[in-house]
Amino acid sequence: MQTGFAFSKLADHLASLADVTTEDLDLLAEMPSTIAHFSSRQAILRQGDEGNQCCLLLQGYLSWQDAQGADGQITSIAVPGDIADLQTLYQPRITGNLIALGPAVVAQVPHRFFRELSARSPRMSRALLLMLLADHAMQRNWTINLGSRNALTRVAHLLCEITTRLQNVGLAKDFRLSSPFTQADLAAACSISPVHANRTIQELRRSNLLQWHGNTLVISNWPGLVRLAGFDPAYLGIRAREPGVRPAQSDSTKVENVPA
């Protein structure tokens, strides 16, 4: 198991979804993994592959893309701490293409580890299930975003979601984040043309809601962006907790003993 960044982001993600203890999270230290580096636009998984391991995202962003469409429609985005293909624990056949959005670092973890983890800890089993259910909820919301919102609110809602998910794992502090996509990627995620995506970003800039310089995106007015998007993070399944608070301590383990 790679300690440090890899451990803390996954631990934070799981702890945000379920009531796990530091003893539960200590089990992650036994995680076998192969660390792989991917360049921008490189495929991690392709439609038709049979998965026997999961992809834990350590750095960068990944996206699921439509394998049939010529425009590379983006159907979901993974952020650090996500297990991008957790569904392959139950359905190994890959039904889309998992692509790196920019350089990415991935820990490839055998399925057997997550099955053994679930058997050893009911709380971790529940956390993994809730992670999978949150993925499905995000997918439903993605459909709503494309089907019932105009371009401006689509983009605003997507940016609110990505920012919230990053903050949940200790990133995007002060609403500053490494951009998860180019404007062409944004167009593919929101089902609009690249020209329309550019105009939408310019409108958000003129409204003083965000700044986008190169690879850095800064949300200038978070409450305003949330109002515009009509964003309610409840579907993400993130439990309310005080900033910086880690999971509940068990009787025998202190939080300071957990790698972070």
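The model is a predicted one, in which local features need pLDDT of at least 70, side-chain atom pairs count only at pLDDT 80 or more, and totals for chains, interfaces and linings use all residues. Residues are numbered from 1 along each chain as its sequence is written, and side-chain values use heavy atoms, with hydrogens and water left out.

**View 1. Helix 7 and its buried face.** Helices and strands here are DSSP runs, numbered from the N terminus (helices: H or I, at least four residues; strands: E, at least two). Buried means under 20% relative accessible area, exposed means over 50%, and partly exposed is in between, using a 1.4 Å probe and protein chains only. In helix 7, the buried residues are Ala197, Thr200, Ile201 and Leu204. Look down the helix axis and these residues fall within an arc of 100°, so they line one face of helix 7; the arc is that of the directions from the axis to the C-beta atoms. Over on the other side, Arg199 and Arg206 are exposed. The length works out too: the expected span is 1.5 Å times one less than the number of residues, and for the 13 residues of helix 7 that gives 18 Å, which agrees with end C-alpha atoms 18 Å apart. After helix 7 comes asparagine 208, with a positive phi near 60°.

**View 2. Helix 6, mostly covered.** Seven of the eight residues of helix 6 are buried. They are Gln183, Asp185, Leu186, Ala187, Ala188, Ala189 and Cys190. Cysteine 190 has a relative accessibility of 0%. What do the buried residues of helix 6 pack against? Their partners are strand 4, strand 5 (97–110), helix 4, helix 5, helix 7 and strand 7. Helix 6 is followed by serine 191, another residue with a positive phi, near 55°.

**View 3. The largest nonpolar core.** A nonpolar core is a set of buried Ala, Val, Leu, Ile, Met, Phe, Trp, Tyr and Cys residues joined through side-chain atoms within 4.5 Å. The largest one has 41 residues, and the members that touch the most others are Ile77, Val155, Leu158, Leu159, Leu186, Leu204 and Leu225. Elements giving two or more residues to this core include strand 4 (74–78), helix 4 (122–148), helix 7 (194–206) and strand 8 (216–219). Helix 5 gives the most, with nine residues. Zoom in on valine 155: leaving out residues up to four places away in sequence, valine 155 touches Leu186, Cys190, Ile192, Thr200, Ile201 and Leu204, where contact means heavy atoms within 4.5 Å. Another core, of 28 residues, lies apart from the largest one, with Leu10, Leu86, Ala127 and Leu128 among its members.

**View 4. Two aromatic pairs.** Rings of Phe, Tyr and Trp (its six-membered ring) pair if their centres lie within 6.5 Å; planes under 30 degrees apart count as stacked, over 60 as edge-to-face and the rest as tilted. That rule gives four aromatic pairs. In one of them, phenylalanine 175 and tryptophan 222 have ring centres 5.1 Å apart and planes at 25°, so the pair is stacked. These partners are 47 residues apart, with phenylalanine 175 in the loop between helix 5 (151–168) and strand 6 (176–178), and tryptophan 222 in helix 8 (222–229). Phenylalanine 175 is partly exposed at 24%, whereas tryptophan 222 is buried at 19%. Phenylalanine 181 and tryptophan 212 also pair up, with centres 6.3 Å apart and planes at 45°, so they count as tilted. Phenylalanine 181 sits in the loop between strand 6 and helix 6 (183–190) and tryptophan 212 in strand 7 (210–213), so this pair ties together parts 31 residues apart in sequence. Both are buried: phenylalanine 181 at 5% and tryptophan 212 at 6%.

View 5. Glutamine 65 lies in strand 3 (53–65) and is buried, with 14% relative accessibility. Leaving aside neighbours within four places in sequence, glutamine 65 is in contact with Gly72, Gln73, Ile74, Thr75, Gly96, Asn97, Ile99 and Leu101. Glutamine 65 and alanine 188 are 123 residues apart in sequence, yet 9.0 Å apart in space, C-alpha to C-alpha. Cysteine 55 is buried, with a relative accessible area of 1%.
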